[in-house]
Amino acid sequence: MTGAHRSSSHSRAPVEQMETDAGAATAGSSRAPHRLIANPRRLAAPWVERLRPELLPALGAAALAGVISIWVMQLWRVDLKVPIVVGGDPTAALASIKDILTHGWYLTNPSLGVPFGQEFYDYPAYSGDTLYLLMAKALGLVSSDPVVVMNVFFLLCFPLITISAYLVLRRLGISLGAAFVCSVLYTVQPFRFDNSEGHIFLAAYFLVPVGCYLVLTQFMGRALFKPNPQRRGLRAYLTWRSAALVVLCLMVGSSDNYFAVFTVALMIPATIFSFIAVRRRQALIGGLVTVLLVLGTVGLNGLPTFIYAAQHGKNTVPGHRVPQETEMYGLSLANLVLPIEGHRIKPLANLTNRYLTTTLLPVRGETSWNNLGIVATLGLLWLVIALVVRCLRGGESGISDPRYAYAAIAAAIAFLIGTIGGLQTVFAYVVSPRLHAPNRIAIFVAFFALFGVALGLDQLRRRFAAGAFTRWVSAAMLVLVLAVGTFDQTSPKMIPPYAKQAAQYHSDATFIRAIERQLPGDASVFEFPYVPFPEAQPPGRMLPYDEFIGYLHSDRLRWSDGAMEGRPSDWVSVAITHPLPQLLQEISAIGFQGVYLDTFGFSDNGKVAIAALKKALGSAPLVSPNGRLYFFNMAQYNQQLHQRISQNQLAALAAAALYPG
C-alpha cells in the first residue's frame, strides 16, 4: 500500500465511522448495524448511543454561541414585548405571526382588508416557511403576544443553528474541538445579524447544515438510503436511517423556499458527478429521491396557492419579479471576502466602505452583509488550494483527504448559482424569476468554507505528536480561531437602537389602545394614506408595511388596508381617488367608524389632509404621543349622514365603492 493510499484511507475513516451504527469497530464493519436493524428490540439503540456523547458538547457550543450573541447585540437590553427590529419587513412577519395566533393560520385574516378580509394566497411569501410557522404556533401555546413569540423564535434559533451545525460536522467526521468552534462561528455569521427579524425566517437557517450534509454525502458517493441486506425489495429500505432522511428532507422542504431550492440545486450536480465518478446506482437513486422529496414538499406547501389560482384565476400583480432582479441581489466575491461594514478595525472598515461607495455593482441593502469573515474566507481559500493541489498532484500531496475536494466543489457550485450573472440569473430568464435574491446562498458557502476550516484544524492537530503539551497547543489554536472569528464577524453596527424603537413602539401601542376605548368591538377603521399590498413602496417616510401598525396593536379593531392588490377585494385603490366628501360618505355607508392617518405618508406631514378631515368630520382628532398618528372618530358624522339620506342611498353608496364598475 502506498503512502498516499494510506493517507486517503485514514482521512475517510472518521466520515465512514460516523455512518456506522454503535458497535461497529471500523468503517468496513457493517454486520453489527444490520443485526441491530434486524432486531426490533434494539431498533433505537444505535441512535441513542451515537447521540448521547454528542449532546453535552453540542449544548456547550450552543451556550457559547448564545453568550457571544448576547454580547454582540447587547441582548440584555431586549424587552420581549417590543420587537428587536421595529418597522419594515419585520412588521409583515409579525402580522403573519399574529394571524396564526389569532385566526389559526396566516392565509386568511378578517381583521385586514375590510370588509372582504385579507387573503394571502396570491402572495406565497411564507409558503416555504411552514416549519417556522408551526414553531411560532407552538410558541403561541406559551404566549399569545405575537411580539413575544417572534422574539423568542429569533432567540431560539441561535442554539438551533449551533446544534445543527455541530451535529452535521461531527457526522461528517470532524473532531469535537473543531466542530465546536466552527459551529459557533457559523451561528454568528454576519448573515444572521443582518437578516435578524427583518427576514426572520432567512435568519433561521438551522436546516442549511442539513442540506449541506445531504450534498456532501452525495459528493462522497455514499448511498443516502442504505438498504438492509437481510430484506428484499422496498422493505429493505424501511430502516431508521431511511425514516430519518425522509424527515430531514421534509423539514428542509418546509424551511424557506430559498434554502430548499438551493439544496436541490446543489444536490442535482452532486448526484450527477458522483454517479459518473463511482457508477453506484444506489447513490443515483438516493440523490433523485432526495431531490423529489424536497421539491415535493415545496410543492405541497404551495398547494393552497395553486388551488386558489385555479379557482379564481392567476393574479400576476403581487410580488411580481423580473429576471434582472437576480443581478440586483446577486452575490459578489468581493462582498463575500471583504470585511464587514463597521468593522472594529478602522482600516478594514474603511476598505469595505470604499468598496461599497465606489463599486458599480448593486451591493447595498440586503447584499451588504453576506461577508464570510476572515476565518471562513481563509477556509474557502484553503479549499481552493486543496482542490488545485489534489488535481495537480493527486494522492501524492499532503492534502489527500477527499473531503476537501467535495467541499470545494460544493462551494464553487454554490457561488456559481448565486453570483451576479450566474446560474440563478440564467434560470430566471429561462424558467422563472420567482427566487430573485440568489445572494442568499451565501450561508451555504459559509458552511462549506467553515467545513474547510474544520478539516484544516483537524489536519494540523494530527500533525502534532500526541502529548500533553501538544494538546494544549491544539486547544490554544482552537481558542484563537474562535476569538479571531468572533471579533472579525461582528461589529457595533449589529446593536439595534433599542431605546428609540421601544419609544416608537410604546407610542403606537398607547395610541391604538386609546382608539379602542373610543370605539365598540369589531369597529372598522379607514386608513390614510392607502398603501397597496404587498411589497409596495409606501409614500413619504413610511416604512414598508407600516400600514399594519394599527392591526398589530389592536385586539378587536378591523382595518381597511391589507387587501390583495390585483383582486376585486382591493376596492380602496379605486375609492381613494374619489373626492374626500364622496369618499367619507362611501366609507360611512360601508360601516367604517373612524379614520386613521399616518403623517409620515404625506410630504407635508399630513397638514392639508388633517385640516380637510377636521372640517369634513367636525371633530377634533386623537393624536399619538409622538405626534405621528391621528385618529378621527366618525360617530357624529355617521349619525348625521344616516339621518340625512335613506338606507337605499347608503346601500348605493357602499355598492359603488366596493364594486366599482
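**Close-up views of side-chain contacts**

The structure holds eight salt bridges (a side-chain nitrogen of Lys or Arg within 4 Å of a carboxyl oxygen of Asp or Glu). This is a predicted model, in which local features need pLDDT of at least 70 and side-chain atom pairs count only at pLDDT 80 or more, while totals for chains, interfaces and linings use all residues. Residues are numbered from 1 along each chain as its sequence is written, and side-chain values use heavy atoms, with hydrogens and water left out.

**View A. Arg403 and Asp401 form a salt bridge.** The closest N and O atoms are 2.7 Å apart. Both Arg403 and Asp401 are buried (buried is under 20% relative accessible area, exposed over 50%, partly exposed in between; 1.4 Å probe, protein chains only).

**View B. Asp458 meets Arg461 in a salt bridge.** The N to O distance is 3.8 Å. The two residues are three apart in helix α20 (residues 442–463), so about one helical turn separates them. Helices (H or I, at least four residues) and strands (E, at least two) are DSSP runs, numbered from the N terminus. Asp458 is buried at 3% relative accessibility. Arg461 is partly exposed at 36%.

**View C. Asp598 and Arg628 are joined by a salt bridge.** N and O lie 2.8 Å apart. Asp598 belongs to strand β5 (residues 592–598), and Arg628 to the loop between β6 (622–623) and β7 (629–633), so the pair ties together parts that are 30 residues apart in sequence. Asp598 is buried, with a relative accessible area of 1%. Arg628 is buried too, at 5%. A network of salt bridges links Asp546, Asp598 and Arg628.

**View D. Phe120 and Phe533 are among the residues of one aromatic cluster.** The whole structure has 32 aromatic pairs. Rings of Phe, Tyr and Trp (its six-membered ring) pair if their centres lie within 6.5 Å; planes under 30 degrees apart count as stacked, over 60 as edge-to-face and the rest as tilted. Phe120 and Phe533 pair edge-to-face, 5.6 Å centre to centre with 70° between the planes. Phe120 sits in the loop between β2 (118–119) and α5 (130–139), Phe533 in the loop between β3 (524–528) and α23 (549–553), 413 residues apart. Both Phe120 and Phe533 are buried. The cluster also includes Trp105, Tyr106, Tyr123 and Phe548.

**View E. Tyr121 and Tyr308 have their ring centres 4.6 Å apart and their planes at 10°, so the pair is stacked.** Tyr121 is in the loop between β2 and α5, and Tyr308 in helix α13 (residues 303–312), 187 residues apart. Tyr121 is buried at 18% relative accessibility. Tyr308 is buried at 9%.

**View F. Arg192 and Phe158 form a charge-over-ring contact.** The charged end of Arg192 is 3.9 Å from the ring centre of Phe158. The cut-offs ask for NZ of Lys or CZ of Arg within 6 Å of the ring centre and within 35 degrees of the ring normal. Arg440 lies over the face of Tyr258, 4.6 Å from the ring centre.

**View G. Ile374, Leu378, Leu381, Ile385, Leu480 and Val484 make a nonpolar surface patch of about 510 Å².** Patch residues have over 30% relative accessible area and no salt bridge; like charges are joined within 9 Å, nonpolar side chains (Val, Leu, Ile, Met, Phe, Trp, Tyr) within 5 Å. Accessible areas come from the Shrake-Rupley method with a 1.4 Å probe; for residues, only the protein chains shown count as cover. Helices α17 (374–393) and α21 (468–489) each give two or more residues. α17 gives the most, with four. Leu480 lies in helix α21 and is exposed at 55% relative accessibility.
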